[in-house]
Amino acid sequence: MKYLILMHVDPAVLEQLTDEQQTRIHEGHGAFMATTKERGEFIATQALADPSRSKVIRGSEGLPEVTDGPFVESKEFMGGFYLVDVEDEARAVELAKQIPDTTIPGLAVELRPVMFADLGDQ
């Protein structure tokens, strides 16, 4: 069963991180990737650029309209994700709790089951 672990970022929280917290997050993500790869649970991960670099394309009068910025006004944004393939939801929750961001007040991850996937030639 595939799950997407979405990492939610609050830039104000990131600006206040201590050096120790930054190191813990960096090293923790490396360890998370290594462990899930060893267990065959890792599929992919991507880090996303700051939402100030995003574009939104939405329908307007039957035509696509392009605007700058994130799709909603929010102080938090999706900073990246992991895609994992695990035996059940309990294991997905166990993995999500290992993401180092979950130890920092103000940061969070969201766990969502994947309903359909086409991963190309993988």
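Mentor: I5 counts as buried, because its relative accessibility is 0%; buried means under 20% relative accessible area with a 1.4 Å probe and protein chains only, exposed over 50%, and partly exposed in between. The model is predicted, so local features need pLDDT of at least 70 and side-chain atom pairs count only at pLDDT 80 or more, while totals for chains, interfaces and linings use all residues. Residues are numbered from 1 along each chain as its sequence is written, and side-chain values use heavy atoms, with hydrogens and water left out.

I5 sits in strand β1, which covers residues 2-9. Strands (E, at least two residues) and helices (H or I, at least four) are DSSP runs numbered from the N terminus. Beyond its neighbours within four places in sequence, I5 is in contact (heavy atoms within 4.5 Å) with F32, G80, F81, Y82, V84, L95, A96, I99, V109, E110 and L111. L119 lies 114 residues from I5 along the chain, and 17 Å separates the C-alpha atoms of the two.

Now the sheet around that residue. Its 4 strands form an open sheet in the order β2-β5-β1-β6, with antiparallel pairing; two strands pair if DSSP finds at least two bridges between them. On average, neighbouring strands here are turned by 20° against each other, direction ignored; the axes are lines fitted to C-alpha atoms, for helices over the stretch in contact, and angles between N-to-C directions run from 0 to 180 degrees.

β1 and β5 run antiparallel and are joined by 8 bridges. Within this pairing, M7 has G80 of β5 as its bridge partner, and V9 has F77. Between β2 and β5 there are 5 bridges, again in the antiparallel sense, and T45 stands opposite Y82 in β5. β5 is largely enclosed by the rest of the structure, because 7 of its 9 residues are buried.

α2 touches β1, β2 and β5, and its direction makes about 155° with that of β2. α3, residues 89-96, touches β1, β5 and β6, with its direction at about 30° to that of β1. R91 belongs to α3. R91 is buried, since its relative accessible area is 7%. Apart from neighbours within four places in sequence, the contacts of R91 are R39, E41, V86 and Q98.

Several of these elements also line the second largest pocket. A pocket is an open set of points on a 1 Å grid over the protein atoms alone, where a 1.4 Å probe fits, with protein on both sides within 12 Å along at least five of seven lines; lining residues have an atom within 4 Å of a point. This pocket has 16 lining residues, and M7, H29, A47, G79 and D101 lie nearest its centre. At least two lining residues come from each of β1, α2 (19-38), β2 (42-47) and β5 (77-85). The most come from β5, which gives 4 residues.
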